[in-house]
Each structure stands twice: as C-alpha cells, then as structure tokens.
Amino acid sequence: MARSKRQIQEINAGSMADIAFLLLIFFLVTTTMDVDTGLMRVLPPPILEDVPPPPPVKMRNVFVVLANSQDYLLVENDYMQVEDLKDAAKEFIIGKPGNPGDERFPEFKASQDPLIVKYFGPNYPISKQIISLQNDRGTSYQLYIAIQDQLAAAYSEARNDVAINKFGKTYNELKDSKSAVDNDKAKAIRALIPQRISEAEPKEIGG
Amino acid sequence: MQIRKKGKKEVPPVSTASLPDIVFMLLFFFMVTTVMRETSLKVTHVIPKAKEVAKLERKSLVAYIHIGPPLKPLQSIYGTEPRIQLDDAFALPSDIPTFVESVKSQTDEAEVPLLTYSLKVDAKTKMGIVVDVKQELRKANALKINYSTSKAIDKASR
C-alpha cells in the first residue's frame, strides 16, 4: 500500500524565525538597559524637640560653601568656580597636621579609635573638619549636584592619598576587596577621614 | 592532477535553518534582561552628570521620585513649572509621607531599612522644590536617598 511508504510529514518550521523575530522586537522595544547610577546620601534624622542642640562647632573647623540663587558660589568668604571647589576642599580636609597653629585649617585631635590605632599607631591626629553646605531655594539642581560631586571627589581623593601612601592600594580597591583585612583597612581610612557634609536647614539667602 | 570535478558548479545557498536558533538566543537574552516599565513618566527630566557616582543595586528596593517640568501635552493643564511625580500621578510635597508609608508597607519588613529613594530631578529645576521633598522625606524617616545622576566621562584627570 502506498500509505506505509509515506513518511510523516514534517511541520514547516520556516515561519518560526518570523515569530521569534516578532517577540524579539517586542522585547527590544520594551527593554530599558540603563543602569541606575547616582550619588548616595543619608539625610540627617528629623530634629526632635526635646533633644538639646549639639554643642557649637568652632568656625575654624568648618569649611563653608554657600550657593546663591544666581548660581554663584561663596567658599570660605571667597568667590569661587565649582571646578576649583574640589582642590580647595581637599586641602581643607587634609589640613596641616604638622602645623596645628594655622588658623585657616581645622584643628586636630588624637584618636583612640581601635582601628586607627591598629593601622596608624596611637595618638594619630584626626582632623575635626566639617564641610557645611548651604544653598538657596533658587539654586539650580545642576549646581547643587556639581557641588556634591566635587565634595565627594575631594573626600575620595584625600582617602586615596592616605590609602596609597599607607597600603599601596586605592581606597576603592581596599573597600571592594574580598579580603577582610583590606576591608578593615578601608574602615580605618573611613574613620580617619569621615565624610562630614552638613547641610544647613534650608533658608532664603536670596541674592 | 585534477581534484575538482569538472562540470557545472553552483554555489549552494546559505542554510537558514539555524536562523531561528540565533533569533531565539537573542530573544531569551532580552527576555531575561528586560525590566518592564512600571510607571509612565509624566514629567521630563534631563538628569545631571557627576563623576563620583555609585551604582544602585537591588532595584526592587528603590522607590523613585520624579521631579521636572510636565510633558508637552500636559503643559496646558499643569503648566511648565517643575512638578513632583510619585508612582503614576502628580503630587505635592505633602503627599510624600503617604507615599513613603505605601512603599514601606509593600516591602518586606526586614528590608525596610535598605529602601532607597531615588530622586530623578531635572537639572534645570530650582533647589526649592528639592529641599521641600528632602524635608518631607526626613520627616517620614526615609533617610537613604540617591540623587540620580549619569556618569560623566572623565577626560581631564587621571
């Protein structure tokens, strides 16, 4: 009989590619490949009423950055461009440990932090630096981000300098390293140069 | 010596049998990497650039707050001033505590402290509205924030 000789007919798979293409194009269109990046910050907790105000900070230890509504920058009572902010802030953060009498730079205090003692020896001087950032309601967001970026860069460069001098690795290498010893070193550097950016309660400075 | 056979010789057509396989491979790649948009944007923003950026990990633990001028078709109703968008609707700074609570209630309790609030703000926005949002976030105890910025390509240094 003819039937027994006939083979089972295969399903034509030629249109499979078309179907797959259709799906592919759908996913190509809907997909968003952008990796979200940004500047991470932690806001200060809300002010409680019954908590006494913190002790005043000596003006010498504060690096004041003001931005007005015309997007002009006043840094330590001097007009400044945003691009120069990083170097100025870095100079301030590092300070002058050898010359504590210099009034332009922050004071130092000897540290008893066990991690710092472990890696840097006892009584290692720590700067009491604080960076105070105040902006007007009319300041542009672009400038604000530029300032935040510059200050973050100043801190990471200051940390890197210490890390390379002391451990021969950059701060990020230490922080992202798999070894716990390196992570400890990164922690010590973080304790040595803590990122202290204080944002004042918003005000209308005007200008 | 003659190796090749004489006679008519045609170039055989390229087999397209493996085409579906290749397309399927691409398809699976996109299916796996794709993240469906959860909200449709009603505001436009050109996000500022910065160098010291960090990657946002674990997108399920990120809540977005968009600030920027409304989209062109909506400008006749909402004006051109920057507005806040939470989820799918325009909002006022005073709506933020409710938004924070709803985000927190949708998250596993153990992971609430890891929640990050990503501020996607147009570069030309004035700080006033951003400051209001930050104050509301503080009041709602949503302290981990992230200023969304794209990575600037570093030309000058290093």
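This is a predicted model: local features need pLDDT of at least 70, side-chain atom pairs count only at pLDDT 80 or more; totals for chains, interfaces and linings use all residues.
Q: What is the value of phi for Glu76(A)?

A: The general idea is that most residues other than glycine have a negative phi. Glu76(A) is a residue other than glycine with a positive phi, near 45°.

Q: Why does Glu76(A) count as partly exposed?

A: The reasoning rests on counting neighbours: a residue is called buried at 20 or more C-beta neighbours within 10 Å, exposed at 12 or fewer, and partly exposed in between. Glu76(A) counts as partly exposed because it has 14 C-beta neighbours inside 10 Å.

Q: Which residue of chain B has its place in the loop between β4 (83–86) and β5 (89–91)?

A: That residue is Asp87(B), which lies in the loop between β4 (83–86) and β5 (89–91) of chain B. The phi of Asp87(B) is also a positive value in a residue other than glycine, near 50°. Asp87(B) counts as partly exposed, because 15 C-beta neighbours lie inside 10 Å.

Q: How many residues does helix α3 of chain A have, and how far does it reach?

A: Helix α3 (residues 82–94) of chain A has 13 residues, and from its first C-alpha to its last it reaches 19 Å, which is close to the 18 Å expected at 1.5 Å a residue. After α3(A) comes Gly95(A), whose phi is positive and near 70°.

Q: Which residues of α3(A) are buried?

A: The general idea is that an α-helix has 3.6 residues a turn, so residues three or four places apart point the same way. In α3(A), the buried residues are Leu85(A), Lys86(A), Ala89(A), Phe92(A) and Ile93(A). Seen down the axis of α3(A), these buried residues fall within an arc of 140°, so they line one face of the helix. Among the elements of chain A that cover them are β2 (62–67), β6 (124–127), β7 (130–135) and α5.

Q: How many helices and strands does chain A have?

A: Chain A has seven helices and eight strands. For overall form, one can compare the radius of gyration with that of a compact globule: for 207 residues such a globule would have a value near 17 Å, but chain A has 28 Å. Taken along the principal axes, the C-alpha atoms of chain A fill a box of roughly 110 × 50 × 40 Å, and 26% of the 207 residues count as buried.

Q: How many residues does the contact take from chain A and from chain B?

A: The contact takes 40 residues from chain A and 46 residues from chain B. On the side of chain A that touches chain B, the elements giving two or more residues are α2 (16–30), β1 (37–42) and α5 (141–167). By class, that side of chain A has 23 nonpolar, 12 polar and five charged residues.

Q: How many bridges join β1(A) to strand β7 of chain B?

A: Five bridges join β1(A) to strand β7 (residues 144–148) of chain B, and the two run antiparallel. One of the residues to look for is Gly38(A), whose bridge partner in β7(B) is Ser148(B).

Q: Which residues does Ala54(B) touch, not counting residues up to four places away in sequence?

A: Ala54(B), which belongs to strand β2 (residues 54–55) of chain B, touches Thr37(A) and Met40(A) when residues up to four places away in sequence are not counted. Within chain B, the C-alpha atoms of Ala54(B) and Asn146(B) are separated by 9.2 Å, although the two are 92 residues apart along the chain.

Technical notes. Residues are numbered from 1 along each chain as its sequence is written. Chains are lettered from A and ligands numbered from 1 in the order in which they are written. Two residues are in contact if their C-beta atoms, placed from the backbone, lie within 7 Å. Helices (H or I, at least four residues) and strands (E, at least two) are DSSP runs, numbered from the N terminus. Ala, Val, Leu, Ile, Met, Phe, Trp, Tyr, Cys and Pro count as nonpolar, Asp, Glu, Lys and Arg as charged, and the others, Gly among them, as polar. Two strands pair if DSSP finds at least two bridges between them. The radius of gyration is taken over C-alpha atoms; the globule rule is 2.2 Å times the number of residues to the power 0.38. The expected span of a helix is 1.5 Å times one less than its number of residues. The arc is that of the directions from the helix axis to the C-beta atoms.
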